[in-house]
Amino acid sequence: MEVFLIRLLQIILAFSLLIILHEGGHFFFSKLFGVRVEKFYLFFDPWFHLFEFKPKNSETRYGIGWIPLGGYVKIAGMIDESFDTEQMKQPEQEWEFRAKPAWQRLLIMIGGVLVNFLLALFIYSMIMFYWGETYTPTKNMTYGMKFNSEAKALGFHDGDILVGNENGEFREFGADLFRDVSKSHSVNIIRDGKPMTIHLSGELNLLSMIKNQPMFMRPLLPATVDSVIPNTPAEKIGLSAGDKIVALNEVKVDSYNDFTDEMLKLDDMIALAETSADSMKARQATIVFMHGEKLDTATTVLTPDLKLGFVNMTLAGYKTVHNEYSFFESFPAGIKYGVHVLASYVDDMKYVFTADGAKSLGGFGAIGSLFPPVWDWYMLWKMTAFLSIILAFMNILPIPALDGGHVLFLIYEIIMRRKPSETFMIRAEYVGFGLLILLMVVANLNDVLRWLGYM
């Protein structure tokens with residue numbers, strides 16, 4: 001429950017900031033060009049609101065709605081998600097959106113996207129300034145990688161150290177590494193201390209590489225015990241620091257990756273168990289481990305959540321790279337990083353239009369899981385910047401009801417020198433709003449299906 005609340009608070013803080021500043025972008029350009037803003041709301045408020053006030057001599061009512069799915073500014077003389085058609089039937093006023101030149105209306109519409117993108121770049125810059133950047137180059141990961149059968153069929157071996165490709169050295173393990181390998185025609189590796197090159201097609205499916213279980217590649221972890229948790233099965237069978245697990249239930253274990261894979265199979269057996277006796281049988285495990293130079297075998301019963309009770313050796317010993325930036329140096333570094341994040345996100349969008357891509361869509365649950373289970377300001381700001389970039393990109397898509405849809409119609413007006421009809425605009429807004437609701441339903445349904453174990 002504590003983890004849920006911490007993540008919930010982080011999500012609320014991040015999204016509230018992004019929504020207020022996004023709508024603030026529309027508000028700023030509206031006021032700049034003399035357009036009246038009737039409402040400025042955090043969250044949506046159909047039928048009622050949680051809070052509202054109107055400053056003296058102000059034409060704008062500020063408030064908080066009760067549906068935390070976004071926010072809005074109601075701009076006078078504009079067809080938007082409020083579907084206020086009565087106002088559009090009245091004579092045009094000079095302080096209305098529709099009375100302004102197309103270029104001013106265009107700036108009003110892109111104001112939110114512009115603010116979100118600039119906000120992301122600013123946050124990334126401040127992260128660089130305050131924390132710098134620390135990473136472990138893949139060439140320093142001396143245990144190498146653990147590869148799945150698909151990768152091994154392409155020529156990779158467990159323990160291969162990834163160095164780079166035809167475009168240069170790889171940076172660190174993460175989404176960018178998968179992306180780089182998927183586009184590589186040649187991957188430079190070190191195998192058993194010797195440099196080698198593996199030739200690829202340059203067209204591997206990135207989504208499959210990440211979604212397959214096990215994944216295309218993972219950092220290889222030795223199955224060596226770092227410490228034993230008191231009063232656990234590991235302590236009862238005599239495991240101690242430095243011991244190496246070599247087999248689990250008569251299956252050879254070459255790494256901690258193999259060990260966790262076998263534990264997942266036990267988890268599947270528990271899920272299929274029909275009786276308590278079946279569950280208890282699935283929890284029984286025979287462990288073979290090296291204790292010094294002696295090979296020991298022990299049978300034990302795992303905890304109800306299928307834990308043996310030891311902490312594995314980590315990769316903390318790998319040599320890292322740390323870069324620090326002065327205040328002025330942080331801006332080009334942050335901008336470069338932010339542009340790279342945006343370019344990578346746009347490049348990955350092609351997978352959304354595939355069957356597997358649609359299944360990978362996530363709603364609020366998926367977004368929440370991206371936030372750390374403990375309060376971490378570094379990760380909170382990094383996630384806020386990432387979500388700000390996503391919000392900017394998604395909003396500029398040419399879909400009615402989004403800012404990009406209004407931009408599309410304004411570009412049409414500038415080119416054709418005439419506005420689309422109000423009837424067309426209203427119908428387009430309904431269609432766009434319906435598509436957004438459908439997308440939201442699919443994304444959150446995917447979360448539910450994953451939680452239930454169907455995906």
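Trainee: In this predicted model, how far apart are the closest N and O atoms in the salt bridge of Glu 172 with Arg 171?

Mentor: The model is predicted, so keep that in mind throughout. A salt bridge needs a side-chain nitrogen of Lys or Arg within 4 Å of a carboxyl oxygen of Asp or Glu. Glu 172 and Arg 171 form one, and their closest N and O atoms are apart by 3.4 Å.

Trainee: Is Glu 172 buried, partly exposed or exposed, and which class does Arg 171 fall in?

Mentor: Buried means under 20% relative accessible area, and exposed means over 50%. Glu 172 has 31% relative accessibility. Arg 171 has a relative accessible area of 35%. Both values lie between the cut-offs, so Glu 172 and Arg 171 are each partly exposed.

Trainee: How many salt bridges does the model have?

Mentor: The rule asks for a nitrogen within 4 Å of a carboxyl oxygen. By this rule, the count comes to 20.

Trainee: Which helices does the salt bridge of Arg 105 and Glu 413 tie together?

Mentor: The side chains of Arg 105 and Glu 413 meet at 2.5 Å, N to O. The pair ties together parts that are 308 residues apart in sequence, because Arg 105 and Glu 413 lie in two helices: α3 and α14.

Trainee: Are Arg 105 and Glu 413 buried or exposed?

Mentor: The cut-off for buried is under 20% relative accessible area. Arg 105 has 5%. Glu 413 has 11%. So Arg 105 and Glu 413 are both buried.

Trainee: Which residues are linked with Lys 146 and Asp 158 in a network of salt bridges?

Mentor: Lys 146 is buried at 7% relative accessibility, whereas Asp 158 is partly exposed at 32%. Their network takes in two further residues: Lys 152 and Asp 258.

Trainee: Which helix supplies the largest share of the lining of the second largest pocket?

Mentor: This pocket holds about 360 Å³ of space. Of its 13 lining residues, those closest to the centre are Gln 213, Pro 214, Asp 261, Leu 264 and Asp 268. β14 and α8 each supply at least two lining residues. The largest share, 6 residues, comes from α8.

Trainee: How many residues of that lining are charged?

Mentor: By class, the lining of the second largest pocket has 5 nonpolar residues and 1 polar. The charged residues number 7.

Trainee: What kind of peptide bond joins Gln 213 and Pro 214?

Mentor: Pro 214 lies in the loop between α6 and β11. Omega between Gln 213 and Pro 214 is about 0°. The bond is cis.

Trainee: What is phi of Asn 231?

Mentor: Asn 231 sits in the loop between β12 and α7. Asn 231 is exposed, with a relative accessible area of 68%. Although Asn 231 is not a glycine, its phi is positive, about 60°.

Trainee: Which helices supply at least two residues each to the nonpolar surface patch?

Mentor: The patch has about 1,100 Å² of accessible area together, and Phe 129 is one of its residues. Phe 129 is found in helix α3 and is partly exposed at 38%. The helices are α1, α3, α10 and α13.

How values were computed: Residues numbered from 1 in each chain as written. Predicted model: local features only at pLDDT ≥ 70, side-chain atom pairs only at ≥ 80, totals over all residues. Heavy atoms only, no water. Patch = residues over 30% accessible without salt bridge, like charges linked within 9 Å, V, L, I, M, F, W, Y side chains within 5 Å. Areas by Shrake-Rupley, 256 points an atom, 1.4 Å probe, with all protein chains shown as cover. Helix = DSSP H or I, 4+ residues; strand = E, 2+ residues; numbered from the N terminus. Buried < 20%, exposed > 50% of the residue type's maximum accessible area, 1.4 Å probe, protein only. 1 Å grid on protein atoms, 1.4 Å probe; cavity = no way out; pocket = protein on both sides within 12 Å on 5 of 7 lines; lining within 4 Å. Points joined across faces, edges and corners; volume = space filled by probe spheres on them. Nonpolar A, V, L, I, M, F, W, Y, C, P; charged D, E, K, R; others polar.
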